[in-house]
Amino acid sequence: MSDEIEHRRLIIAGTGMAGLTAAIYAGRSNNDPLVLEGDEPGGQLTLTTDVANYTGFPEGISGPDLINDAKEQAEQFGAEIDHGIVTDVEKRDDGSFRVELKDGTVYTADAFVAASGASARTLGVPGEDTMMGYGLSTCATCDGAFFRDEDMLVVGGGDAAMEEAHFLTKFADTVYLAHRREEFRAEDYWIEKVLEKADAGDIEIMRNTELLEIHGTQAEGVDHVTLARNEAGYPKDNLNDPDTEQFDMDVGAVFYAIGHTPNTDYLEGTGVEMDGEGYLRTRGGDGGQQTATGVGGLFGAGDVVDYHYQQAVTAAGMGCKAAIDADQYLEDLERAGELGVDEAEPEAAAGDD
Ligand code: NAP
């Protein structure tokens, strides 16, 4: 581990919509943010081809374009964006944060905005590691078009699974939708859309069915999958039950749509409160400091907090709030004479409000 410690006024982890919006606002408030980009640069939006519901783009905008424009905008206002995977954050006795990166670099910071998003869940079945990116995908909108005219399997029973199965009918011969139990978690809106496609023969719904193994090679892609079905649900937990049927099915692609896990492990050393799934608990409610956690100077925005809305526009809104909350926190520290070392006065950012 390097001993080199650079002190920053504000560090923002994440370059999705939450992190970049926080960076724009923090830059404009002269908080000289360092924005650390992890191993999924731009977050989940960069996996989306067309964002049709982001306010102000009546023709839609591609996810990568939206992210690149937001990066440019953040840099215009003085944000520094650098690659760096944060592995550990700790709150020090003097109130500042110690931020350690995977390459051994260590920063300290007076405030920290966690906007590190969420990553797609996986199942851990045999074949998964080999086939990820070679016919197994966690993003139908990104990869669906590569498997035109193939049979495709979507795993999951929430809104994402419904939306993806529906979307994939554009390309697939048949879309098989495997869900581990009888009832779908998805909203009626999506269930009805999927049922319409099922009536038309484009989607085949496989309830009480789970994926056991993915077979294929990186050279040739996915060849077939092994599934288990038990009318009582959760067949994987009941493989020895005589009512559990195991069978193989030929498909050319597999899409996981089984939810996401927030990227918050690196914050455990701060003692910040999280729920059972790792989502950060923030103050919320009315008035200022809604994005504040119980750890002074640590703020959360976007998918690290939000397990419900999970939209680009809501993440951006939370990023904005986090930057405003962090600014207030830093100003309070400044007034109390408690800001960390090396507080160079940053150049005033251009701005008109
Ligand atoms: P989700 O609602 O958490 O659904 C995950 C699905 O995956 C559930 O059906 C779950 O099964 C299944 N699953 C989880 N772990 C599994 C495992 N190990 N094996 C097999 N199946 C497993 O996640 P989501 O669909 O990604 O949606 C997340 C949020 O985004 C939701 O609030 C949703 O409303 C929102 N969203 C909205 C839209 C839209 O409206 N346009 C689109 C996508 C997402 P169980 O049901 O048995 O738990």
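How much space lies in the second largest pocket? About 210 Å³. The legends below describe a predicted model, in which local features need pLDDT of at least 70, side-chain atom pairs count only at pLDDT 80 or more, and totals for chains, interfaces and linings use all residues. Residues are numbered from 1 along each chain as its sequence is written, and side-chain values use heavy atoms, with hydrogens and water left out.

**View 1. The second largest pocket and its lining.** A pocket is an open set of points on a 1 Å grid over the protein atoms alone, where a 1.4 Å probe fits, with protein on both sides within 12 Å along at least five of seven lines. Grid points are joined across faces, edges and corners, and the volume is the space filled by probe spheres set on the points. Lining residues have an atom within 4 Å of a point; among them are Thr 282, Gln 290, Asp 306, Tyr 309, Met 318 and Lys 321. The lining divides into 3 nonpolar, 6 polar and 2 charged residues. Here Ala, Val, Leu, Ile, Met, Phe, Trp, Tyr, Cys and Pro count as nonpolar, Asp, Glu, Lys and Arg as charged, and the others, Gly among them, as polar.

**View 2. The aromatic pair of Tyr 279 and Tyr 307.** The structure holds 9 aromatic pairs, meaning rings of Phe, Tyr and Trp (its six-membered ring) with centres within 6.5 Å; planes under 30 degrees apart count as stacked, over 60 as edge-to-face and the rest as tilted. Tyr 279 and Tyr 307 are edge-to-face, 5.6 Å centre to centre with 65° between the planes. Tyr 279 lies in the loop between strand E16 (260–262) and strand E17 (298–300), and Tyr 307 in the loop between E17 and helix H7 (312–335), so the pair ties together parts 28 residues apart in sequence. Helices (H or I, at least four residues) and strands (E, at least two) are DSSP runs, numbered from the N terminus. Tyr 279 is buried at 5% relative accessibility, whereas Tyr 307 is exposed at 55% (buried: under 20% relative accessible area; exposed: over 50%; partly exposed: in between; 1.4 Å probe, protein chains only).

**View 3. The aromatic pair of Phe 299 and Tyr 329.** The ring centres are 6.0 Å apart and the planes at 75°, so this pair is edge-to-face. Phe 299 lies in strand E17 and Tyr 329 in helix H7. Both residues are buried.

**View 4. Gln 289, a residue with positive phi.** Gln 289 has a phi of about 65° although it is not a glycine. It lies in the loop between E16 and E17 and is buried, with a relative accessible area of 13%.
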